[in-house]
Amino acid sequence: MIFVTVGAQMPFDRMVRAVDEWAAARGRTDVFAQINETDYVPKHIEWTRFIEPEQFRSRVESARVLVAHAGMGSILTALEAGKPILVMPRRGDLRETRNDHQVATAKRFLELGKVGVAFDESELPAKLDELDSLSAAGRISPWASDRLIGALRAFIGEDRA
Amino acid sequence: MTKEPSIRGHESSPRRILAIASGGGHWVQLLRLRPAFEGHRVAYVTVRESYRADIGDERFYVINDATRWDKVGLVRMALKLLWIMLRERPRVIVSTGAAPGYFAIRFGKLLGARTVWIDSIANVEEISMTGSIVGKHADLWLTQWAHLARPEGPRHEGAVL
């Protein structure tokens, strides 16, 4: 199953429409999308608007691959589950989010080898065609780095000077 | 945690911690910090009731979500949070963003708490707008990207990955 998610907030019409049209063109029946307040109503794939966190996680666990906006919630959840993830960044100028931080996130996580990226809807079909060869970056620990945990523990344990 | 008696006994004394984040990636990142809170009494504050399932039977509060364009929503958020903080009396505030963390850090200073702002890992190219406003008010101001650290803050002490 390909699990498509636009994240917890805001619609993402460009991505949902492109995935739906790709599924129609390729005759794919193994796509499920969580689309939130997206205006575009998919015609060729299964979809729902909202998913509770627990259900979300079980969707991720049972999916073979994720297609998502470039939000950290989606990326971290995929990495924690050891699933490959293809992201498409939201854009600030299209009011899909506040600014272009998702474009920067996508670039950086692509460089780190953690995600696949389609930078816009025109790139998405070709990237979706290659999904079967997108491999996972490897399951990450559910916790922050030892360094960050250690710095926080030390700060919490300090007495006020 | 070490079982050996601590030389500096106060290091292991339980602290009241308020761990606060808005939804999506902010919340997922906050959850990844949980080992840092072990042995302390944590109250979690976020914006979705459904996130309660993520933290088991620990203390949990929900406030409304709001962006900086929603003044009425921000006031409601601030008042509810202030009520929670007066009730919980946290010694330490930890936030991964966004608007709820801003208010928690400002109120935390007034109430004598020590505060930590961890800028989201999504902010790859520049510190978040909220972070750049509230960071200097935090006792510990962290970025998750080494290249964004500055002598005057934020510091870099690892990441949630």
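1. Is A:Asn36 buried, partly exposed or exposed? This is a predicted model, and in it A:Asn36 has 19 other C-beta atoms within 10 Å; because a residue counts as buried only at 20 or more, A:Asn36 is partly exposed. The residue lies in the loop between strand E2 (31-34) and strand E3 (46-48) of chain A, and its phi is near 55°, a positive value in a residue other than glycine.

2. A:Arg95 sits in the loop between strand E5 (85-88) and helix H4 (101-111) of chain A, and with 9 C-beta neighbours inside 10 Å it counts as exposed.

3. In chain B, please check the peptide bond from B:Gly97 to B:Ala98, which is cis with omega near -10°; B:Ala98 belongs to the loop between strand E4 (92-97) and helix H3 (99-110) of that chain. A cis peptide bond also joins B:Gly153 and B:Pro154, with omega about 0°, and here B:Pro154 is found in the loop between strand E6 (140-143) and strand E7 (155-156) of chain B.

4. As for helix packing, the axes of H2 (residues 53-62) and H3 (residues 72-81) of chain A come within 10 Å and cross at roughly 55°, and the two helices are therefore oblique to each other. H2(A) passes H3(A) in a right-handed crossing. From H2(A), A:Arg57, A:Val60 and A:Glu61 meet A:Thr77, A:Ala78 and A:Ala81 of H3(A), a contact with three nonpolar, one polar and two charged residues.

Note on methods: Residues are numbered from 1 along each chain as its sequence is written. Chains are lettered from A and ligands numbered from 1 in the order in which they are written. This is a predicted model: local features need pLDDT of at least 70, side-chain atom pairs count only at pLDDT 80 or more; totals for chains, interfaces and linings use all residues. Axes are lines fitted to C-alpha atoms, for helices over the stretch in contact, and angles run from 0 to 180 degrees between N-to-C directions. Helices (H or I, at least four residues) and strands (E, at least two) are DSSP runs, numbered from the N terminus. Angles under 35 degrees count as roughly parallel, over 145 as roughly antiparallel, 65 to 115 as roughly perpendicular and the rest as oblique. A crossing is left-handed if the near helix is turned anticlockwise from the far one by less than a right angle, and right-handed if clockwise. Two residues are in contact if their C-beta atoms, placed from the backbone, lie within 7 Å. Ala, Val, Leu, Ile, Met, Phe, Trp, Tyr, Cys and Pro count as nonpolar, Asp, Glu, Lys and Arg as charged, and the others, Gly among them, as polar. A residue is buried if 20 or more other C-beta atoms lie within 10 Å of its own, exposed if 12 or fewer, and partly exposed in between; C-beta atoms are placed from the backbone.
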